[in-house]
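Here is a short briefing on one structure. Look it over first, then read the points below.

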Protein chains: 2
Amino acid sequence: MKAPPERWPHAQAWVGQGVAAIDTPSLVIDLDAMERNLARMAAFARERGLRLRPHAKLHKSAELSRLQMAQGAVGVCVQKTEEALRLAAAGVGDIFISNEVIAPAKLARLASAVRERTTRFAIAVDCAEGIDRLAAALHGAGVTEAAAIDVFVEIDVGQGRCGVAPGEAALALVRRIHQHPALRWAGLQAYHGGAQHRRGAAERAETIAASAQAVRHTLDALRQQGFEAPLVTGAGTGSLVHEAASGLWGELQAGSYLFMDADYAANERDAASPVFEHALFVKSQVMSCSADRAICDAGHKSHAIDSGLPQVAHPAGLVFANGGDEHGVLRTAAAGAPLPALGDTVWLIPGHCDPTVNLHDFFVGVRGGLSDGRVERLITIDTRGALT
Amino acid sequence: MKAPPERWPHAQAWVGQGVAAIDTPSLVIDLDAMERNLARMAAFARERGLRLRPHAKLHKSAELSRLQMAQGAVGVCVQKTEEALRLAAAGVGDIFISNEVIAPAKLARLASAVRERTTRFAIAVDCAEGIDRLAAALHGAGVTEAAAIDVFVEIDVGQGRCGVAPGEAALALVRRIHQHPALRWAGLQAYHGGAQHRRGAAERAETIAASAQAVRHTLDALRQQGFEAPLVTGAGTGSLVHEAASGLWGELQAGSYLFMDADYAANERDAASPVFEHALFVKSQVMSCSADRAICDAGHKSHAIDSGLPQVAHPAGLVFANGGDEHGVLRTAAAGAPLPALGDTVWLIPGHCDPTVNLHDFFVGVRGGLSDGRVERLITIDTRGALT
């Protein structure tokens with residue numbers, strides 16, 4: 001047994017320990033399941049000739065970013081400047097901020113990192129002001145080389161969040177990017193977040209068909225003015241088979257496939273989609289027992305509930321009810337079935353992995369299964385709390 | 001202007017900066033409002049001759065714990081062993097874990113801290129096994145003095161979470177505690193979490209009347225066997241006027257009064273309750289604009305949504321809709337009203353403060369108001385992520 005590294009003074013687990021010794025609540029990766037997901041997704045993209053740029057907003061980890069890139073991913077996506085800078089500092093060499101950044105202080109930090117030339121950065125824009133501010137920040141940081149950063153014009157493909165309207169409005173932004181030599185127009189960002197969580201396979205297909213129409217319309221408008229988009233990037237775990245089949249998207253940004261949460265698993269699966277397994281769990285313990293319930297030590301400070309409560313992976317037959325910030329209330333699905341006993345381990349599948357990961361400082365990576373496995377490594381969640 | 005302390009390499013704010021310069025999203029305390037809440041709560045308890053032991057699961061901060069104790073609080077509560085140990089290490093001298101701990105590894109860490117004798121600890125129990133394990137851990141750590149730790153028997157006063165049934169079952173646990181000289185029976189833990197969030201004042205009054213009946217029944221059962229409870233502890237911001245008026249509770253554990261979130265503010269106020277103001281805000285910025293919406297840079301990685309979405313404190317007339325992990329969608333409450341512009345600041349009142357605080361590494365403490373104030377200090381959130 002090995003002591004935890006210095007940077008984990010409160011580590012809930014040590015490398016080499018058996019699963020039973022992991023303190024609770026802890027965020028545990030079933031490494032075998034994760035690696036199967038990793039390989040299946042890499043194969044899916046490779047077989048279709050598509051670039052894979054997984055979203056690191058899921059795992060927030062430089063180590064897992066490198067693992068994905070070692071399996072063929074061209075780089076990773078993030079949503080926040082601070083995420084990009086921390087991953088770059090940890091050695092990730094190709095990072096796309098698939099989101100708008102307009103604060104000059106943030107852009108100045110990004111521009112300084114661009115100047116280092118150790119990581120290739122890309123960023124999304126959806127307005128002229130954002131483009132001009134980005135160019136000004138690069139100028140302010142003394143970045144003089146041409147095409148120092150890749151810039152994607154984000155179009156709103158139906159989600160109604162960020163993104164310029166498809167067509168002419170996108171064209172104006174592409175022209176604007178070309179006015180700044182430090183910016184390289186890299187293509188279109190086209191992502192429909194809402195589509196990921198529509199339950200029916202047909203419903204998701206229809207939604208992405210409409211998104212594809214918006215992309216096609218924009219590509220046509222651009223082409224008529226002589227602009228050939230180098231790439232269209234987007235897609236998530238819930239919808240990727242449709243973007244992949246469209247012939248429009250050249251890069252997939254799916255992230256959740258790595259861990260699969262309860263919410264994604266509740267989707268009707270598309271026939272063409274790889275099968276992804278649950279690989280992320282909250283290990284919890286029963287801390288109080290009554291005649292009709294057992295209380296475990298994981299509440300919504302341990303797992304996010306924005307996409308629903310966690311499911312109980314083990315023991316079978318239990319239903320998790322909300323017990324607040326620090327507790328979960330476990331009842332049996334069938335009347336009269338046995339409840340777990342004081343001290344028993346309860347494995348939870350988070351409703352939504354991304355914000356669950358953001359609650360923890362590290363993953364406990366287990367090899368050999370959750371019943372008999374051992375802790376193989378602890379994986380730092382480098383960009384936890386990287387909100388800015 | 002002063003550089004941030006070394007331990008905040010990514011601090012979103014520096015001491016001395018104006019509010020406008022605070023990066024977004026950031027968790028900001030209006031220190032003036034917080035201090036008014038602090039004084040009102042201290043006066044409420046003092047005037048009624050009640051002990052105040054605020055719940056540090058709200059603010060997770062040693063500095064704010066010390067501030068509360070300087071204003072008369074006898075100590076603080078926490079929910080987790082790791083919270084207790086971190087606050088003790090940061091110099092908080094009186095800490096009650098108002099929750100059950102049954103894992104031997106956790107109890108061993110607690111027992112080691114008890115042995116130091118620099119912090120007075122208390123803990124809740126709701127089963128014989130928990131009592132015996134606590135005593136064994138103290139023995140294992142070489143704690144030989146009598147009454148080395150205070151132990152409260154938690155009774156379930158209607159919430160249906162932890163806690164032994166009122167009456168005879170509690171008596172058995174009190175007897176059990178007396179079998180272990182290292183444990184001092186300190187009284188009853190009687191808290192109804194669900195009562196805090198019932199909207200109607202009459203509804204909360206009824207709920208706590210039933211809780212009081214359970215407490216009275218238990219105190220009578222104990223008294224008949226010669227056990228006079230030294231103290232009954234419990235109550236939260238939503239219900240405290242009722243526990244205070246009952247003549248049963250001697251100690252109030254309210255925490256949220258310090259910050260007041262949107263959920264508590266939605267309660268019909270009890271006439272006897274002090275007026276508490278919103279003192280905790282997420283500072284956010286508009287990062288994308290369309291004809292019908294503005295998108296700000298705060299989503300549910302910046303604020304918890306388990307008790308509802310945040311409200312917009314400023315500018316007036318905006319409604320916040322869920323935009324996912326990293327975005328908020330802002331629309332006008334009245335059709336045709338103006339939307340904020342790109343780069344504008346948006347101040348959000350979190351739906352639920354406790355898990356919101358747990359998403360951040362520090363508070364930015366502002367003096368002089370959110371419009372024209374300055375950053376007076378950064379306050380570390382010492383027990384963020386202290387889940388075990």
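Chain A holds eleven helices and 17 strands. Helices (H or I, at least four residues) and strands (E, at least two) are DSSP runs, numbered from the N terminus. This is a predicted model: local features need pLDDT of at least 70, side-chain atom pairs count only at pLDDT 80 or more, and totals for chains, interfaces and linings use all residues. Residues are numbered from 1 along each chain as its sequence is written, while chains are lettered from A and ligands numbered from 1 in the order in which they are written.

**Chain A overall**
- The radius of gyration of chain A is 22 Å, close to the 21 Å that the globule rule gives for 388 residues, so chain A is as compact as a globular protein of that length.
- That radius is taken over C-alpha atoms, and the globule rule is 2.2 Å times the number of residues to the power 0.38.
- Along the principal axes, the C-alpha atoms of chain A fill a box of roughly 70 × 50 × 35 Å.

**How the chains pair**
- Chain B superposes on chain A by a rotation of 180° with 0.0 Å of shift along its axis (RMSD 0.0 Å).
- That is the relation of a two-fold axis.
- Copies are superposed by least squares on the C-alpha atoms of residues with pLDDT of at least 70 in both.

**The interface**
- In chain B, 48 residues are in contact with 48 residues of chain A; contact means C-beta atoms, placed from the backbone, within 7 Å.
- S10(B) gives the most to the side of chain B that touches chain A, with four residues.
- The copies meet through the same surface, because 98% of the interface residues of chain B are also interface residues in chain A.

Technical notes:
Contact = placed C-beta atoms within 7 Å.
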